[in-house]
Amino acid sequence: MKEKLWSNLRATREAFVWKLEGLGEYDLRRPMTPTGTNLLGLMKHVAAEEYGYLGEVFGRPAPEQLACFIDGSVWEGADMWATPDESSEYIMGFYRRACAHADETIATLELDAVGSVPWWNEGERETTLGAILVLMVSETARHVGHVDIVRELIDGRAGGRPNATSLPDTDDWDWGEWVARLETAARTAAGRQ
């Protein structure tokens, strides 16, 4: 079970990294939703979670901290965007280092190893590596889904792997026609209510 969870976590991490490849500084940072969702901010957030949940919780504090944790602005959403002083290379490196640190924790501990989450409610803080692995697989996959949509909005690149988009593999696919068909179905269904 540990290897399966870990393998799933590694796969979602790989998808996360490749989805940011090939984009310039602006596209990595620009807010793409009304709430400001952006690619580099998502990576920064998940990196902090890797260090926290698969490090600090099990007595292995991160060897480095983001400025937003030091100054407390993390509680104001500062982990969800990169400041101009935080280069994309720095955030991507921070993510890789956080994942490596987390992997050391996973390799060392058994699924029933007990940890404590200091930011959870009193009386609910005790957990296990197994529970945290499930949490991190789902949390990373959730954010990779955000990344997938944001990347598609930026340049149309979609799918879970570089060479497997899960989209029709044909040059004559008409996306305009497809979207129009979906729009018609949505309006028809809405008109029935």
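Predicted model: local features only at pLDDT ≥ 70, side-chain atom pairs only at ≥ 80, totals over all residues.
## Basis

Local features need pLDDT of at least 70 and side-chain atom pairs count only at pLDDT 80 or more, while totals for chains, interfaces and linings use all residues. Residues are numbered from 1 along each chain as its sequence is written, and side-chain values use heavy atoms, with hydrogens and water left out.

## Nonpolar cores

The largest nonpolar core holds 28 residues. A nonpolar core is a set of buried Ala, Val, Leu, Ile, Met, Phe, Trp, Tyr and Cys residues joined through side-chain atoms within 4.5 Å. Buried means under 20% relative accessible area, exposed over 50%, partly exposed in between (1.4 Å probe, protein chains only). Phe 16, Leu 20, Leu 39 and Tyr 95 touch the most other members. Two or more residues each come from α1 (2–20), α3 (39–53), α5 (88–108) and α6 (129–155). Helices are DSSP runs (H or I, at least four residues), numbered from the N terminus. The largest share, eight residues, is from α3.

Phe 16 touches Leu 42, Met 43, Val 46, Tyr 95, Thr 140, His 143, Val 144 and Val 147, not counting residues up to four places away in sequence. Contact here means heavy atoms within 4.5 Å. Another core, of 16 residues, lies apart from the largest one. Its members include Trp 6, Leu 54, Ala 102 and Ile 132.

## Helix α3

Helix α3 has 15 residues. From first C-alpha to last, α3 reaches 21 Å, close to the 21 Å expected at 1.5 Å a residue. That expected span is 1.5 Å times one less than the number of residues. Of the 15 residues of α3, 15 are buried, so the helix is largely enclosed by the rest of the structure. At the start of α3, a side-chain oxygen of Asn 38 comes within 2.7 Å of the backbone nitrogen of Gly 41.

## Glu 50

Glu 50 lies in α3. Glu 50 counts as buried, at 0% relative accessibility. Its side chain makes a polar contact with the side chain of Arg 13 (2.8 Å). A polar contact is a pair of N or O atoms within 3.5 Å; within protein, one must be able to donate a hydrogen and the other to accept it, and residues adjacent in sequence count only if both atoms are side-chain atoms. Leaving aside neighbours within four places in sequence, Glu 50 also contacts residues including Leu 9, Ala 98, Met 136 and Thr 140.

## Cysteines

The whole structure has zero disulfides (pairs of cysteine sulfur atoms within 2.5 Å). For Cys 68, the nearest cysteine sulfur is that of Cys 99, 17 Å away. Cys 68 is buried at 4% relative accessible area. Cys 99 is buried at 7% relative accessibility.
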